[in-house]
Amino acid sequence: MSGPDGASVLSRRSLLNWLLGTTLGATLGAALYPVFRFVIPPEVAEAPVNRVLAAKLSELPLNSGKIFRFGARPGIVLRTSDGAVRAFSAVCTHLNCTVQYRPDLQHIWCACHNGHYDLQGKNIAGPPPRPLEAYKVDVKGDEVYVTKGA
Amino acid sequence: MRNPPTLALTFALAASAALAAPPAGTVRAPGKHAEDTCSACHLALDDARLSTPAKLTDNDIHHQQGVTCAGCHGGDPTSEDADVAMDAKKGFRGNFSHQAIPEMCGSCHSDAAFMLRYAPNIPTDQLAQYRTSKHGQALAKGDTDVAVCTSCHGAHGVLPVSDARSPVYPTRIVDTCGRCHADAALMTRYGIKGDEIAEYKQSVHYATLVKKNDLSAPTCKSCHGAHGATPPGISSVSNVCGTCHLTQRERFDLSPHKDAFAALQQPACESCHGNHAILHPEDTWIGVGDKQVCGGCHSAGDPGATAAAAMSAALAGATTAIDTAEARVDRVRKAGMLMDDADVKLEGAHQSVVLAQVQIHTVDPARVGEQTKAALSDTAAAGKMAADAEAEIRYRRTGLFISLVVIAVAMVALILKVRSIER
Amino acid sequence: MRVLESLWRALDERLDLAPLVNFATHKEVPQHRHSWAYYFGGLTLFFFFVQVATGILLLLYYRPTAEAAFESVQFIVTRVPFGWLIRSIHSWSANLMVLAAFAHMFSVYMLGSYAKPRELTWWSGFALLLLAMGFGFSGYLLPWNELAFFATRVGTDMVSKVPLVGGWLLKYLRGGEEVTGATLTRFFGFHVAVLPMITTALLAAHLAFIQRQGMHIPEGLEEEARQRKAIRFVPNFMMREGVVWLAGLAALAALAAFFPWELGAKADPFASAPAGIRPEWYFLFMFEALKLLPSHVLGIEGELVGLGVFALAGLVWFLVPVLDRGSRVGHRSRAFFVLGWLALAYILSFTLASLAGVFK
């Protein structure tokens with residue numbers, strides 16, 4: 001392209017090419033970046049709805065209990081004096097307070113209105129009308145997995 | 001008949017019949033009703049008063065255990081001859097007077113060794129308890145309008161207490177007591193208002209019992225006693241309520257109210273919560289104003305009223321904070337953000353409010369405040385998580401807006417390029 | 001660059017790409033006052049590509065069972081990086097694809113492009129529209145939320161009204177008598193395997209027909225097209241189409257940003273239907289009409305009459321290349337032209353009125 005403004009035409013064209021290339025590239029990048037991030041699995045590989053790593057066995061001494069989380073709801077995993085590991089929903093069946101383990105009574109106890117559950121989750125004293133929902137426990141090495149639907 | 005073998009046989013049969021039939025008034029081993037001539041005859045009678053008891057024997061626990069008509073009424077249950085069967089010499093006692101019933105039932109039910117044969121763990125103190133009750137005391141003075149054993153348990157067709165059809169099954173007790181106690185005209189004779197049954201039916205205890213089928217919920221006998229039925233004395237009210245509501249009772253005992261109520265000779269729990277129409281307590285009850293419970297003893301400006309105002313304010317503040325935080329978290333959750341951590345915090349806040357409400361019984365604003373402060377801290381955390389999520393949503397929008405700009409510029413560049421190659 | 005050239009040469013040696021290249025470089029797109037309508041088909045195709053891509057991505061995390069479906073979508077939207085974006089785009093692109101398909105179909109109809117020799121293109125196209133609506137209906141259930149569950153129940157209820165085979169059809173669709181997890185799994189199978197397979201085949205055919213026959217110039221515009229000169233497909237039309245596709249992309253980004261697709265509440269088969277269930281907007285024009293019909297018309301159930309009318313209308317629409325005798329000889333009938341406007345007016349007015357809440 002020759003002419004008085006031949007040089008500027010050329011640079012205008014290459015500017016346009018540059019603009020086109022850059023914006024299309026940016027669009028492509030903006031489209032591909034989320035895809036790339038998406039396909040790499042997140043830290044928590046699956047929705048913690050049915051199965052959760054509740055505790056480490058080494059952190060659960062005999063005659064003790066620990067609260068863990070099942071999504072947004074609390075669960076309690078306990079180890080009896082003879083070593084058995086059990087897990088229940090920690091939502092008290094009376095008014096939904098979070099229960100705790102009482103090693104002195106060897107009961108699961110609710111501080112709100114003094115509800116007592118035995119080591120099978122059965123309501124034995126106080127206002128709770130129903131037993132605690134029991135969960136399935138699988139111990140793999142040092143890891144204690146709790147699954148809903150015992 | 002003169003035949004010796006036939007004679008011997010007849011004699012043997014008569015002897016065995018005589019040996020087999022126990023003396024009247026004593027208990028027989030479980031046998032078939034067909035051998036019980038009382039039912040057989042009475043069933044066929046026209047008079048309902050006489051035939052109905054016989055119709056009820058199938059579901060009667062006494063009959064099932066082998067204590068049939070003769071077991072209480074005496075007489076000879078093997079004879080088909082009415083005069084023989086109902087012969088006073090055979091021990092027949094006929095109908096019982098109202099006065100005689102407790103002793104009659106007690107003749108077996110208070111005998112521990114005897115009851116051991118049928119139900120090793122059944123209580124045997126009913127008669128002793130009954131004698132201490134208002135019913136028993138009135139009966140002893142000659143009042144035949146009061147309840148005796150059969151008034152509540154029935155006489156014929158008696159079912160075990162665990163049978164849902166029994167008039168003394170937990171869900172049915174209130175209506176059984178109500179047969180007399182709901183009759184205001186009858187109750188005025190005893191200085192009882194007569195509205196207690198109606199009031200109880202408005203209560204949370206009744207609702208829990210019949211709607212949630214929670215048989216551990218209190219009914220008339222739970223507070224008044226079953227056989228020793230007596231209204232709790234003023235000083236024993238908090239003991240009675242405290243058998244189930246232990247946490248509240250323990251807090252109450254720490255408070256100045258314990259001694260104050262004792263000194264005033266006022267029933268503790270009842271003064272604020274009522275006795276029969278016990279409703280679900282509301283936070284708004286705390287204070288000296290209209291429809292509030294503290295004004296019965298306290299007046300505005302005194303230390304009690306000040307404490308009440310402080311506790312009320314603390315609770316109201318915590319509840320409002322929870323509602324606001326919940327609404328905010330819900331909005332963000334609906335927009336697709338993960339709010340599990342916020343939910344956990346809000347659960348904790350709810351629990352703190354429950355604990356605060358129990359602490360009200362200490363009437364100590366500091367203790368109530370401890371819990372409401374914990375609730376506020378949790379709602380603040382939840383609120384912050386909601387705010388972070390809102391910020392994330394805004395960040396996403398900004399990012400997408402920027403990409404829109406990039407695309408728009410790309411479109412412009414492309415259009416210009418098309419123009420340029422077509423020139 | 002040189003790598004690409006030698007790669008091209010290697011392929012050409014083996015596959016003889018010259019005819020293809022020749023075809024591509026000589027393909028032309030006529031220009032006339034209605035040639036803007038030519039973009040709709042490509043736009044529909046663009047949204048379809050977006051659906052395939054985002055659909056495959058969602059497949060990496062989605063679980064097609066009643067117990068896990070909702071939670072898996074929740075997982076995608078809350079825990080997977082940009083999962084919220086992929087999901088929102090998939091839901092919006094579905095709607096935009098159907099919208100573009102309707103625009104494409106109506107513009108083709110109005111321009112009379114169904115006329116001989118393009119009947120096959122029309123028929124494959126109509127089938128593709130039905131497939132797109134099938135994709136929409138089956139996909140809508142997959143998050144297993146309340147609205148989707150009840151909308152599916154109402155929608156599948158309709159097929160039971162078909163005489164003779166209605167009951168069998170219902171069981172086939174639902175995987176049972178009721179809408180259950182079995183329905184979800186079945187719809188998932190339709191959505192990711194059956195429908196894509198049929199669509200790919202029909203789409204390939206549809207595109208092949210167009211390449212073979214070239215673009216249709218509407219009746220009466222042949223002179224204008226001759227004067228305005230056609231433009232080359234490569235690169236001119238393609239670049240213009242690129243602008244349209246970028247606009248589509250921008251629309252998706254804007255919708256995902258300002259109207260993100262909600263999650264709702266998990267479906268509870270035992271709960272009562274919430275107020276205001278209705279199908280997706282592209283079914284509304286039929287849905288509202290069916291609701292307006294009286295319970296019985298001349299002794300036959302109202303809904304059955306309605307379905308019958310729609311089936312008949314669909315059949316007429318499908319057969320228009322045959323029914324419109326004039327189109328076979330280059331003069332499409334005025335009656336069918338007016339019919340097209342009436343159909344468009346009906347669909348538009350009922351859809352908009354329903355969305356505006358006129359039918360409450």
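In the predicted model, chain A contains one helix and ten strands. Two domains are assigned in chain A, domain 1 covering residues 1-40 and domain 2 covering residues 51-147. The C-alpha centres of these two domains of chain A are 61 Å apart. Of the 150 residues of chain A, 29% count as buried. Where contacts in chain A join residues at least 6 apart in sequence, 34% of them link residues at least 24 apart.

Chain B, by contrast in its secondary structure, has 23 helices and zero strands. For its 423 residues a compact globule would have a radius of gyration near 22 Å, whereas the value for chain B is 36 Å. The box filled by the C-alpha atoms of chain B, taken along the principal axes, is roughly 145 × 75 × 40 Å. Buried residues make up 30% of the 423 in chain B. Of the contacts in chain B between residues at least 6 apart in sequence, 57% join residues at least 24 apart.

The domain assignment divides chain B into domain 1 (24-95), domain 2 (122-229), domain 3 (232-279) and domain 4 (303-392). The centres of domain 1 and domain 4 of chain B, taken over C-alpha atoms, are separated by 68 Å. Helix α21 of chain B comprises the 32 residues 303-334. From its first C-alpha to its last, α21(B) reaches 47 Å, close to the 46 Å expected at 1.5 Å a residue. Gly336(B), which follows α21(B), has a positive phi near 105°.

In chain C, helix α6 runs over residues 119-141 and has 23 residues. The distance from the first C-alpha of α6(C) to the last is 34 Å, close to the 33 Å expected at 1.5 Å a residue. The buried residues of α6(C) are Thr121(C), Trp122(C), Gly125(C), Leu128(C), Ala132(C), Phe135(C), Phe137(C), Ser138(C), Gly139(C), Tyr140(C) and Leu141(C). These buried residues pack against α5, α7 (146-159), α9 (181-213) and α14 (320-323) of chain C.

Chain C touches both other chains. The contact with chain A involves 13 residues of chain C and nine residues of chain A. On the chain C side, α4 (69-78) and α5 (83-110) are the elements that give two or more residues. Of the elements on this side, α4(C) gives the most, with four residues. By class, the side of chain C that touches chain A consists of eight nonpolar, three polar and two charged residues.

The contact between chain C and chain B takes 21 residues from chain C and 20 residues from chain B. At least two residues of the chain C side are supplied by each of α4 and α11 (233-258). Here α11(C) gives the most, with 14 residues. The side of chain C that touches chain B has 15 nonpolar, three polar and three charged residues.

Key. Residues numbered from 1 in each chain as written. Chains lettered and ligands numbered in written order. Predicted model: local features only at pLDDT ≥ 70, side-chain atom pairs only at ≥ 80, totals over all residues. Domains from an automatic or database assignment. Rg over C-alpha atoms; globule rule 2.2 N^0.38 Å. Buried ≥ 20, exposed ≤ 12 C-beta atoms within 10 Å, placed from the backbone. Contact = placed C-beta atoms within 7 Å. Nonpolar A, V, L, I, M, F, W, Y, C, P; charged D, E, K, R; others polar. Expected span 1.5 Å × (residues − 1).
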